[in-house]
Amino acid sequence: MTSSKKDALQSAIAACGGQREKLRSFAAEIVASLSELPSSGDSDPLDIFVAELVLSAADQRRKEERKQHQMECISAAKERGVRFGPRPAPLPDDFDECHQAWRDGRLSLREAAESCGMGKTSFRRAVLRKEETSTSIPQ
């Protein structure tokens, strides 16, 4: 192991602080449990465990790197204006009248949504989208 790798390992161990004792205790328990297992010919249970531990750590690191890369790519795409998810369905022809009647208090949310042939949640989302894009928001 190179000195830079040793230094990095030692600094990582030092950063763990109190976790080092927990890890040492955990390692002792594992070694004790593994030493009780019968060895099968040319494969020692401790060797198998160490190999699995290294492979598991490498797999975990790959997953974390993939997730970080994915988050960076999604963020960059959003900055470029890429829209995720399905496009909203076109609004019904009578949506503007229903929207205004609901805003004026002539219709309840449920009544306005039903007259447009929409669910309450869909109607409310459509109202919010329309008001976000509109330059003048009715009160």
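The largest nonpolar core comprises 10 residues in all, namely Phe95, Cys98, Trp102, Ala112, Ala113, Cys116, Met118, Phe123, Ala126 and Val127. A nonpolar core is here a set of buried Ala, Val, Leu, Ile, Met, Phe, Trp, Tyr and Cys residues joined through side-chain atoms within 4.5 Å, where buried denotes under 20% relative accessible area (1.4 Å probe, protein chains only). Two or more residues of this core come from each of α4 (95-104), α5 (109-116) and α6. In soluble globular proteins, nonpolar side chains tend to be buried together.

The model is predicted, with pLDDT of at least 70 required for local features and 80 or more for side-chain atom pairs, whereas totals for chains, interfaces and linings use all residues. Residues are numbered from 1 along each chain as its sequence is written, and side-chain values use heavy atoms, with hydrogens and water left out.

The protein chain contains six helices and zero strands, assigned as DSSP runs (helices, H or I, at least four residues; strands, E, at least two) and numbered from the N terminus. Of its 139 residues, 12% count as buried.

Alanine 101 is located in helix α4 and is buried, with a relative accessible area of 6%. Beyond its neighbours within four places in sequence, alanine 101 contacts Arg106 and Leu107. The C-alpha atoms of alanine 101 and alanine 112 lie 7.4 Å apart, with a separation of 11 residues in sequence.

Helix α6 (residues 120-133) also carries glutamate 131, which counts as buried because its relative accessibility is 9%. The side chain of glutamate 131 forms a polar contact with that of histidine 99, at 3.2 Å. Such a contact is a pair of N or O atoms within 3.5 Å; within protein, one must be able to donate a hydrogen and the other to accept it, and residues adjacent in sequence count only if both atoms are side-chain atoms.

Helices α2 (19-36) and α3 (45-79) each supply at least two lining residues, and α2 gives the most, with six.

Technical notes: Buried means under 20% relative accessible area, exposed over 50%, partly exposed in between (1.4 Å probe, protein chains only). Contact means heavy atoms within 4.5 Å.
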